Amino acid sequence: MFAVIKTGGKQYKVAKDDVIVIERVCGDEGAKVNFAEVLMVGDKVGSPLVEGASVEGEIVKQSRGEKVIVFKKRRRQGYKRKNGHRQELSVVKITDIKA
């Protein structure tokens with residue numbers, strides 16, 4: 001069975017024992033997390049959420065993504081700005097899907 005969850009403004013299709021990389025969720029490594037925003041479980045589609053459904057997971061690792069360079073320039077104005085950004089990420093293993 002699979003489910004579609006929403007976290008961090010994005011949607012993920014997950015099944016039991018899947019490992020996903022999502023935006024940072026609070027907790028240390030080994031902590032349990034619960035995703036209550038379940039959009040779909042198996043063939044049951046919510047409107048917008050499936051009532052009483054939840055997906056449980058375990059945080060495997062807290063990490064950061066690759067550096068992205070943000071460069072802004074306006075031509076002929078002498079305006080240049082260079083900035084870097086690294087997104088905070090969590091690696092989560094899905095342990096259970098409750099319909």
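Student: What does I5 touch, leaving out residues up to four places away in sequence?
Tutor: This is a predicted model. In it, I5 touches K10, Q11, Y12, V14, I20, F35, E37, V38 and V55.

Student: And which residues have the most contacts inside the largest nonpolar core?
Tutor: Those are I5, V14, F35, V55 and I94, in a core of 18 residues. Several strands supply at least two residues each, among them β1 (2-7), β2 (10-15) and β7 (54-64). The largest share, three residues, comes from β10.

Student: Switching to the sheet: what's the strand order in the open sheet of four strands?
Tutor: The order is β3-β10-β7-β4, with antiparallel pairing. β3 and β4 are the edge strands, each pairing on one side only. On average, neighbouring strands are turned by 45° against each other, direction ignored.

Student: How many bridges join β3 to β10?
Tutor: Five. As for partners, V21 has V91 in β10.

Student: OK, charges now. How many salt bridges does the structure hold?
Tutor: Five. One of them joins the side chains of K32 and E58, at 3.6 Å from N to O. K32 sits in β4 and E58 in β7, so the pair ties together parts 26 residues apart in sequence.

Student: Is K32 buried or exposed?
Tutor: Exposed, at 63% relative accessible area. E58 is partly exposed, at 28%.

Student: What about R64, which residue does it form a salt bridge with?
Tutor: E88, with the closest N and O atoms 3.3 Å apart. R64 is in β7 and E88 in β10, so parts 24 residues apart in sequence are tied together. Salt bridges with shared partners also join R24, R64 and E88 into one network.

Conventions: Residues are numbered from 1 along each chain as its sequence is written. This is a predicted model: local features need pLDDT of at least 70, side-chain atom pairs count only at pLDDT 80 or more; totals for chains, interfaces and linings use all residues. Side-chain values use heavy atoms; hydrogens and water are left out. A nonpolar core is a set of buried Ala, Val, Leu, Ile, Met, Phe, Trp, Tyr and Cys residues joined through side-chain atoms within 4.5 Å. Buried means under 20% relative accessible area, exposed over 50%, partly exposed in between (1.4 Å probe, protein chains only). Contact means heavy atoms within 4.5 Å. Two strands pair if DSSP finds at least two bridges between them. Axes are lines fitted to C-alpha atoms, for helices over the stretch in contact, and angles run from 0 to 180 degrees between N-to-C directions. A salt bridge is a side-chain nitrogen of Lys or Arg within 4 Å of a carboxyl oxygen of Asp or Glu.
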